[in-house]
Protein chains: 4
Amino acid sequence: MITTRDEYAASLRALRRKVYAMGQKVEDVTTHPLTRPSFLAVAETYEQARDPENEALFMAESRLIGRKVNRFVHIHGSTDDLVAKVKMQRLLGQVTGCCFQRCVGMDALNALHSTTYEVDETHGTQYHQRFLAFLRRVQEDNLVCGGAMTDSKGDRKLRPSQQEDPDMYVHVVGQDKAGIVVRGAKFHQTGTLNAHEVIVMPTTAMSPEERDYAISFAVPTDAEGLVFILGRQPSDTRKLEGETIDVGSPYGGHEVMVVFNDVFVPWERVFLFGETEFAGILVERFAAYHRQSYGGCKVGTGDVLIGAAALAAELNGVGSVSHVVDKLVEMTHLNETMHACGLACSTQGRPTRSGAYMVDPLLANVCKLNVTRFPYEMARLAEDLAGGLLVTMPSQRDLDDPEVGPLIRKYVKAHGPAVDRMRVLRLIEYLTTGPGGAAYRTESMHGAGSPQAQKIMIGRLAGFEDKKRLAKRLAGMEE
Amino acid sequence: MITTRDEYAASLRALRRKVYAMGQKVEDVTTHPLTRPSFLAVAETYEQARDPENEALFMAESRLIGRKVNRFVHIHGSTDDLVAKVKMQRLLGQVTGCCFQRCVGMDALNALHSTTYEVDETHGTQYHQRFLAFLRRVQEDNLVCGGAMTDSKGDRKLRPSQQEDPDMYVHVVGQDKAGIVVRGAKFHQTGTLNAHEVIVMPTTAMSPEERDYAISFAVPTDAEGLVFILGRQPSDTRKLEGETIDVGSPYGGHEVMVVFNDVFVPWERVFLFGETEFAGILVERFAAYHRQSYGGCKVGTGDVLIGAAALAAELNGVGSVSHVVDKLVEMTHLNETMHACGLACSTQGRPTRSGAYMVDPLLANVCKLNVTRFPYEMARLAEDLAGGLLVTMPSQRDLDDPEVGPLIRKYVKAHGPAVDRMRVLRLIEYLTTGPGGAAYRTESMHGAGSPQAQKIMIGRLAGFEDKKRLAKRLAGMEE
Amino acid sequence: MITTRDEYAASLRALRRKVYAMGQKVEDVTTHPLTRPSFLAVAETYEQARDPENEALFMAESRLIGRKVNRFVHIHGSTDDLVAKVKMQRLLGQVTGCCFQRCVGMDALNALHSTTYEVDETHGTQYHQRFLAFLRRVQEDNLVCGGAMTDSKGDRKLRPSQQEDPDMYVHVVGQDKAGIVVRGAKFHQTGTLNAHEVIVMPTTAMSPEERDYAISFAVPTDAEGLVFILGRQPSDTRKLEGETIDVGSPYGGHEVMVVFNDVFVPWERVFLFGETEFAGILVERFAAYHRQSYGGCKVGTGDVLIGAAALAAELNGVGSVSHVVDKLVEMTHLNETMHACGLACSTQGRPTRSGAYMVDPLLANVCKLNVTRFPYEMARLAEDLAGGLLVTMPSQRDLDDPEVGPLIRKYVKAHGPAVDRMRVLRLIEYLTTGPGGAAYRTESMHGAGSPQAQKIMIGRLAGFEDKKRLAKRLAGMEE
Amino acid sequence: MITTRDEYAASLRALRRKVYAMGQKVEDVTTHPLTRPSFLAVAETYEQARDPENEALFMAESRLIGRKVNRFVHIHGSTDDLVAKVKMQRLLGQVTGCCFQRCVGMDALNALHSTTYEVDETHGTQYHQRFLAFLRRVQEDNLVCGGAMTDSKGDRKLRPSQQEDPDMYVHVVGQDKAGIVVRGAKFHQTGTLNAHEVIVMPTTAMSPEERDYAISFAVPTDAEGLVFILGRQPSDTRKLEGETIDVGSPYGGHEVMVVFNDVFVPWERVFLFGETEFAGILVERFAAYHRQSYGGCKVGTGDVLIGAAALAAELNGVGSVSHVVDKLVEMTHLNETMHACGLACSTQGRPTRSGAYMVDPLLANVCKLNVTRFPYEMARLAEDLAGGLLVTMPSQRDLDDPEVGPLIRKYVKAHGPAVDRMRVLRLIEYLTTGPGGAAYRTESMHGAGSPQAQKIMIGRLAGFEDKKRLAKRLAGMEE
């Protein structure tokens, strides 16, 4: 059972995987400068859980294995669990200022718990027991799971089965008594290089003829046939420069493209195959959990951004000027509104038939739709408070140069020393237009589904017919 | 104990009060056409409570009198109570489409419960027992309480004690063994004509020399010296026209100016007098409860507005056009965001020392600040969907005219009959620029404090220093 | 030739028309309290033109009749003319604080000038000469023209020719050597009761089989068969109360439903009939001119609202508080942005083949789309600065009452006297949720087409293909 | 006289300067990969001017030297000149998709033309003639001028003369018969490495005792004592990777910190020294011109972004989906609103006493304030349309890799080939969170002054007293 950063690093190093980054193979993701920040972020999900003060948030009693487990491998058993999840995520966002990557797996586990249960009820299958066996090992060993949903998708106008190239969505290309063989690619895979297992789900509802696409399963991340290609982030190679200030933060996230080159999956790891009407249900449940998640993690990152903006203004000597305070208050207001949505969809959660608690889907979608907007406005306000130096500041190499370094120290000082200003501005840059911006902006936009996906769900769940009845009654119209 | 609309009407008719409206005296507020809609709205707080389906929301066990009471006279004993309050308010907003006026008193009772307890702890006074005696009667008789906070305020640049005219804030002008005599005026008093009792609180924090202004007390609304002057609302006199369609809704709210012309208050009804440091605390607690309230009532009214807008589009034949659906979804999104804030500040509530549960003050202020924005945008979207006919539609008198009535019926019909379109557009007009707009817009803006008041509180509660520490850690700055 | 308010009033009184308002016939629109404010507003288009200081804005040299005419009957002959139009409109908005109603006719005249010319070029018809003969009389007599575009439209899903009731769009129901007979109704007709002539245009593009709907013509407003029904506005009947403060402003606008009950139109007044491909062109040109107009008139009304909000804050004693100033600056910013759009679409105008200058259609649509948004936000900010008294203030009848009047004077005073506060708040109420709000809000939304109409035009005129080419070049993509 | 890219390159190579970037000296800015993109962008100001189709926009008749000059060295002699400036800027923004850096100098020249004239009128000085002599050479040789305004500023709470370190604002530290010696640093200097001359201006209004800070002058960029340190931009070092796709665009801008280490300036190049009351006037004029500029260049960049977003959607197969079109229309609407403001402040310009035309200052500030908001929203919408691949896409090195390259080509293809998608997404990344984002976002925010600076100016120019008078008249209040 993994409990420390070091144990976790060792467990990752034990995996033999094909990982590419910038045209080269990555041997050890825990030490490679491009991936180490993201390893460090996930490691906090272990380290913070060791802090006795955090126990209520990070540890939960597993009904399955009968002892406390890390919440990231826990099945929510109450609305209190759902609330604790969001608060834990905010705390980790505050600690890391980035995506700590372990939520996708947590949300996948929870979505599969109730969905496999209900598939079995309908079809008399055995998916839930298989899933529980898998979950037992994940809980006992405290593993990191990635969750793989978004397919490459090809032409968005066409359904999975209509694509010219049938591999545009992950699908079964072979099967025998031992298991199935799958092919395709999953995009935007958050933190999968730091995962021991990857849980695959469909990316959308499937029609009856799309049986081979209606699949869910888990494979170890060093399964034969898996290829990982690291995505580029803004300013990513600053991590290769060997200095700290210009990077902005010691932590970071990552996304990879995961290619499934005819990967074999034994039957005991298959959690859905062919029950097409449940593909959409699984997607919606995962999405709802994950849309809740953003009401935690992004709020924590927002706390860091607010603090950094306040600090930048203070170091300029204008920390208490009225328009500055007004902007900090506005940032706080937007940030807490997102958190309120994250909390509300949690407290309004309900049990599913498997016992796993589900968030309120309408409020979870509302939460996420706000997350596609407010971090952008918060970033704008932070850039306002930061001042233009945000993008005109010399490099640390210049700061270290014997000739120009002293000039920088002399002229960049303000109400505080130059180096402090540079550090806090680099952090703001990191969060808004740097590697952290990939998480704070683009992931806020597209993670757990793009805004239009939330709008569609809100429209479905809005209850317009009920609302029309309310209006008719007051307007004096006949039903 | 009042439990029905009729009993409630009788109780109001028993009061002998000086009420002015449009330059004339109002003898019976339950029948006068200008005030009857607001009586009907408050009456729903009794009638809905009788519906067994609503029991969980409307009835709560009083620890004071040992039986179930209407939630409007209940002291919140848990976060579940706080949540039930917000959901009850949403339901009543859906039923009445307006301000049902009884929340101010509920919020005043709850704020006084904990504040009087703490004043007594500090000063050895007996306010809490006096208050409990008052509360007992309110609970036993199921009375409607108004809550009077906003003073006339005179020149806003000057403090209460600095005003040229000392009566600009309600204050004590005399006292003897029996009680105190107070003078001043309270503005914007929601629903006070429908109240049996009015609970007076200070409008702002008081400085040590403002002892005579640091007062709280309750008087019956027919106390000697009270004068009530009804405020005008947009399109208010349509209620005098004797027709229904042009008014838009059978319900409505009202506000009055309440003048205290040397009103006597016996000591047993005085809940604060001179303990100046508690004036601000009482204000903040009342404000926090009331800012929570808007996450319920305005959301319910918003449900009606969404339904009406959907209906208007449907009657035009464009109910499923993409930009129409997008606007309905956006309205829903904004509405549910406010509700999420109302729920979140409730579930994150905590007990005070008196046992009364308090909402989370940061989230309650965030809730209200959203309420100063979103209903305006929702109204704008509703006006978009309604079409221009909203403000160019003939009167019902024209509709009833033998010559032009048939022309109206012929030409106003669309995907549905003319009268249906007129009814739903009049409802939208009512909610946006009619009498209901006074509640849905202006009250959303200024009720429980104008937006700047929320911004100041958010700034105080934001924890900027903690956030700076988070940023410093990530930026690698020394503490 | 009409040049003064009195001459104008006399000319209106000479018309014998069927006008209904609130179920009764209106004999004289210049004196009836419901319509007099709108007469007064139009009268300013004559009175302001007499002020020598305003000559450059209000008077322009007519090439047709060879002398200066009021700009409201002028055909724009340069971009300077287009700019002068917008500035004149802003000035009149400042003077009247409402819709002064004469722009629709001006915009209809200009749209017909170029369209009739081009129809004749294509079809060898004689519309342009007919139109010029009509225009000559309008210019010589300085007449007010209404412009009638919006049909009743019936079911919006169906085209004009598909409606169950063929009269849902104005159409020709008979014709002979003398002329045509038309039937239908035009809705939302701004200021038509104050017009001498009404110019009818189609409301949308017509398909080839909709010849009878592709018509344009002019009739005097007292033509046989016309019926006018006044639309209700918020708080409209305050004008009947005989007092001034509660109304808010001496000026106002109006809209009427105009029914064409088989109205005969002689051929010399028919400007389009059956040339279906020009129906859409005429609509677009009128719409473009009218979308420009809003960059003038609404900005002038906005100036009044900004002034009123500044005054309200000043009378409260908070005129120089930072958040107040910030809101006034924001209102100004939004207001000037709309004006910038009105000016830009004017200076970028171009001559049509008839010589009449046309505004830039893209920028005119951009102008109007901003007008569907910014006045709402400005109204919201004004309501913020006004304070809650906006909707809780007693009536003037109470102010005049010997008993409660003195109480109101005592308690409503602030940094200035009570009556001043009441006057300015009633003006803000008038502009936001009163009769003026019908113009400042709903007309801003729907006048000259609802926002979706502007979006469609912006999409058509955006030049997306050109923009894609720019992107391809920079991205290094092959064409 | 420089007229081609090559001549321009040669002229830059002839300069001997101390330029630092990433801790190393830069010898040739025209070839160094970090600076070459910005050289290429400025070079377009020469190359585009050679295109006969662009002559009206790029060339203007100089009254000073009696022949056509490049508009970047022209003094605006009419509102047509001001309009042409904005349109030229939009075109260059379309061509380069970045800041082409030559506007600061153009705006500085124009601001100095009128200001020196008026200083001479007041003080009997000879600044204007000196300035004209300088201008003559700039026009004859077609030089690029940088404009240096923003000082390092130290503690923002303190005035220039109150700073602990007197060098926080550029000031005179010595003078003799030959000239003056100046010390200090100018920050955020756009494109100065591509300039032949740098024109220095004060950064703010100066008080009477700040004579030594109230200076303006020009020096060649290879003057003794100047040190240039290149600012870092997001993803800047991608330019060092030797590939094209990952950079996103061949063009770019740059900013440098310019240190004045006791630089000598001969008197004939001093344009202000000690006339403190004109420091603020010079700043305001430059700022107004530069705030106008953003209504051109950022709109051109916006055109590229709109095209790229449209292309990205098209390549996904969703180019005509309703929510996609709606977002493209919204982007266009915002973009054209900015352009309308740029045009309007130009056409409403007026001559100064020197003959140079000045933009309308209120509308120029309104223009810029919109630019601090709309590009951020446009970037957000572009990121929405781009999809998550924007920040998860493999590097070009991976694409070129024999093993993973084919996988990328297979799975990244959609409605179009993988490489096209990658190219257009890298362009969007460049414009939003890459090096171009420094210009499109942060420069839009802070260039020509941060938003609060525009708000202050709008407040000053709003004419609140006039607006209050309009309101008083309508409200019936006495003056």
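Which side chain does the side chain of Thr30(A) meet in a polar contact of 3.1 Å? The partner is the side chain of Arg13(A). Keep in mind that you are looking at a predicted model.

**Around Thr30(A)**

- You can find Thr30(A) in the loop that links strand 2 (24-25) and helix 2 (36-50) of chain A.
- Is Thr30(A) buried or exposed? Its relative accessible area is 1%, and buried means under 20%, so Thr30(A) counts as buried.
- If you set aside its neighbours within four places in sequence, Thr30(A) is in contact with Ala9(A), Leu12(A), Arg13(A), Arg36(A) and Phe39(A).

**A sheet in chain B**

- Look for four strands of chain B that form an open sheet, in the order 5-8-9-12, with mixed pairing.
- Why do strand 5 (145-148) and strand 12 (270-273) of chain B each have a side without a neighbour in the sheet? They stand at the edges, and each has a single partner strand.
- On average, neighbouring strands of this sheet are turned by 20° against each other, with direction ignored.
- As background, strands of a sheet pair through backbone hydrogen bonds, and the pairing can be parallel or antiparallel.
- Strand 5 and strand 8 (residues 197-200) of chain B pair in the parallel sense, over four bridges.
- To see one such pairing, pick Gly147(B): its bridge partner in strand 8 of chain B is Ile199(B).
- Helix 6 (residues 127-141) of chain B lies across strand 5, strand 8, strand 9 (215-220) and strand 12 of chain B. Helix 6 runs at about 145° to strand 12 of chain B.

- Chain B can be superposed on chain A by a rotation of 180° with 0.0 Å of shift along the axis, giving an RMSD of 0.0 Å. The two copies are thus related as by a two-fold rotation axis.
- Both copies use the same surface, as 100% of the contact residues of chain B recur in chain A.
- Among the residues of chain B, Ala344(B) comes closest to the rotation axis, with its C-alpha at 2.6 Å.
- Chain B brings 60 residues to the contact, and chain A brings 60 residues.
- About 5000 Å² is buried between chain B and chain A, and carbon and sulfur atoms give 68% of that area.
- On the chain B side, His333(B), Lys467(B) and Leu474(B) lose the most area to chain A, together 14% of what that side buries.

Conventions. Residues are numbered from 1 along each chain as its sequence is written. Chains are lettered from A and ligands numbered from 1 in the order in which they are written. This is a predicted model: local features need pLDDT of at least 70, side-chain atom pairs count only at pLDDT 80 or more; totals for chains, interfaces and linings use all residues. Side-chain values use heavy atoms; hydrogens and water are left out. Copies are superposed by least squares on the C-alpha atoms of residues with pLDDT of at least 70 in both. Contact means heavy atoms within 4.5 Å. Two strands pair if DSSP finds at least two bridges between them. Helices (H or I, at least four residues) and strands (E, at least two) are DSSP runs, numbered from the N terminus. Axes are lines fitted to C-alpha atoms, for helices over the stretch in contact, and angles run from 0 to 180 degrees between N-to-C directions. Buried means under 20% relative accessible area, exposed over 50%, partly exposed in between (1.4 Å probe, protein chains only). A polar contact is a pair of N or O atoms within 3.5 Å; within protein, one must be able to donate a hydrogen and the other to accept it, and residues adjacent in sequence count only if both atoms are side-chain atoms. Buried area is the accessible area (1.4 Å probe) that two parts lose on being put together, summed over both.
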